[in-house]
There are 2 protein chains.
Amino acid sequence: MAYQLHYWPGIQGRGEFVRLALEAAGADYVDVARGDPHAGGGLPAMMHFLEDASVARPPFACPFLVDGKTVVAQTAAILLYLGPRLRLVPAAERDRLWTHQIQLTIADMVAEAHDLHHPVASALYYEDQKKEALRRSEDFRRQRLPRFLGWFEAILQRNAGNAQRDPPRLVGARLSYADLSLFQLVDGLLYALPKATRRVLRRLPHVRALHAGVPRHRRLAAYLSSERRLPFNEEGIFRHYPELDG
Amino acid sequence: MAYQLHYWPGIQGRGEFVRLALEAAGADYVDVARGDPHAGGGLPAMMHFLEDASVARPPFACPFLVDGKTVVAQTAAILLYLGPRLRLVPAAERDRLWTHQIQLTIADMVAEAHDLHHPVASALYYEDQKKEALRRSEDFRRQRLPRFLGWFEAILQRNAGNAQRDPPRLVGARLSYADLSLFQLVDGLLYALPKATRRVLRRLPHVRALHAGVPRHRRLAAYLSSERRLPFNEEGIFRHYPELDG
């Protein structure tokens, strides 16, 4: 049976980290909220899981994945679940834990990239917290961006064999879901803060090579040029407000 | 061999979620950074893992757990690893995933509770971002606090058998690490924002009962009254600044 992915239509958001894994593996899946409401798609299907009191284990938020009777929310937990099923993670427990740990660190940076433009409240417009956003983005560009991306560079550099491998891999020698997520993170940062991100990437050859290499994957190349790949926009996590780019 | 927990000495912080699990299980562990530097303890042991280029898989940040050759960072991943070993999670995969999903949602709320007093930058003093903190805390009290705690109430209510169980449990009938973490989260919120948290808890009998019940656990009662339990303070995640409590 096809996997069901539930996420807001119209933005890449956190759903995109799951989409990239499903697409790279060529998995059979339905992007439910983007489907036809007359065929069980659309937002009502998603809101059922989030709001109906009859759901014993409701997700706190989307994205979530439905696989038969299993419902998994939280992006990193979805990928922990999908990883072995899609062959996007090595078999050994310690490698799986390490991949998950990298994914959780990516999730932390994603949350910070969101709070760049929403430092006060998700419920308020950007325009109503722009002054705070200007202060937060300065710290993000100077401290957080180099610190996070520098860590990804270090672990790529320390993964044996990467000096001879193009693109380099985060865990072992094969593509993992963490590679896909790091591609997406860097892609989003290049959209949101092109000047600051390019400046930091100049000193990070492994991260640059990973970002350049992932779209050469056959299935991902097809996905990225399809209509299934939504463009970045100013409703999602990564938003381009030039004033936040310094 | 004893588990090694590495975390900043002097604060409960994220390390406390791991400590509670180790203590509840009566596990053999060393709180390394609080130990004697002449006996391999103290901060140098922690900084080795964070900073030495010889570490192949360095944690991005503490807390992290060392178990023989395995090093696990990210609080939720540490508990995912420890859960089965400490018998603090059910055996079935779907229950383990659900427990992890709850833990990740707790982690999200912990991050928001931190950003309450540091909405601009972790690297700046509270006093230098107090104006922003006042705005952010208002949204947190009105929107985020009831939304998160309301979700925990809903899942406690929907866990079969909890109506007859005191204290109620988040997953199944036995104590899990998620119960311990929810206790700690509520405890921290009651310290940081006593007025706002008590107001929200008035309508959440299951969350109140869980918070009241966990410290009756024999081993936890001993831990909570020992010197190993650090007091809350204004260096940690949960900080009491009365002006942020409305």
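**View 1. Buried residues of helix α3 in chain B.** In α3(B), the buried residues are B:T75, B:A76, B:A77, B:I78, B:L79, B:L80, B:Y81, B:L82 and B:G83. The model shown here and in the following views is predicted. The helix spans residues 75-85 of chain B and is mostly covered, with nine of its eleven residues buried. A residue is counted as buried when 20 or more other C-beta atoms lie within 10 Å of its own.

View 2. After α3(B) comes B:R87, which has a positive phi, near 55 degrees.

**View 3. The open sheet of chain B.** Four strands of chain B make up an open sheet with mixed pairing, and their order is β2-β1-β3-β4. At the edges stand β2 (29-31) and β4 of chain B, each of which pairs on one side only. On average, and with direction ignored, neighbouring strands of this sheet are turned by 20 degrees against each other.

**View 4. Pairing of β3(B) with β4(B).** Strands of a sheet pair through backbone hydrogen bonds, in either a parallel or an antiparallel manner. For β3(B) and β4(B) the sense is antiparallel, and the pairing extends over four bridges. Within this view, B:L65 lies opposite B:V72 of β4(B).

**View 5. The side of chain B that touches chain A.** In this interface, 33 residues of chain B are in contact with 33 residues of chain A. On the chain B side, β4, α3, α4 and α5 (130-158) each supply at least two residues.

**View 6. The rotation axis relating the two chains.** Two copies of a chain are related by a rotation about an axis and a shift along it. Here, chain B is superposed on chain A by a rotation of 180 degrees with 0.0 Å of shift along the axis, at an RMSD of 0.0 Å. The relation is therefore that of a two-fold axis. Among the residues of chain B, B:P119 comes closest to the rotation axis, its C-alpha lying at 3.0 Å. Both copies use the same surface, as 100% of the contact residues of chain B recur in chain A.

How values were computed:
Residues numbered from 1 in each chain as written. Chains lettered and ligands numbered in written order. Predicted model: local features only at pLDDT ≥ 70, side-chain atom pairs only at ≥ 80, totals over all residues. Buried ≥ 20, exposed ≤ 12 C-beta atoms within 10 Å, placed from the backbone. Contact = placed C-beta atoms within 7 Å. Pairing = 2+ DSSP bridges. Axes fitted to C-alpha atoms, helices over the stretch in contact; angles between N-to-C directions. Least-squares fit on C-alpha atoms with pLDDT ≥ 70 in both.
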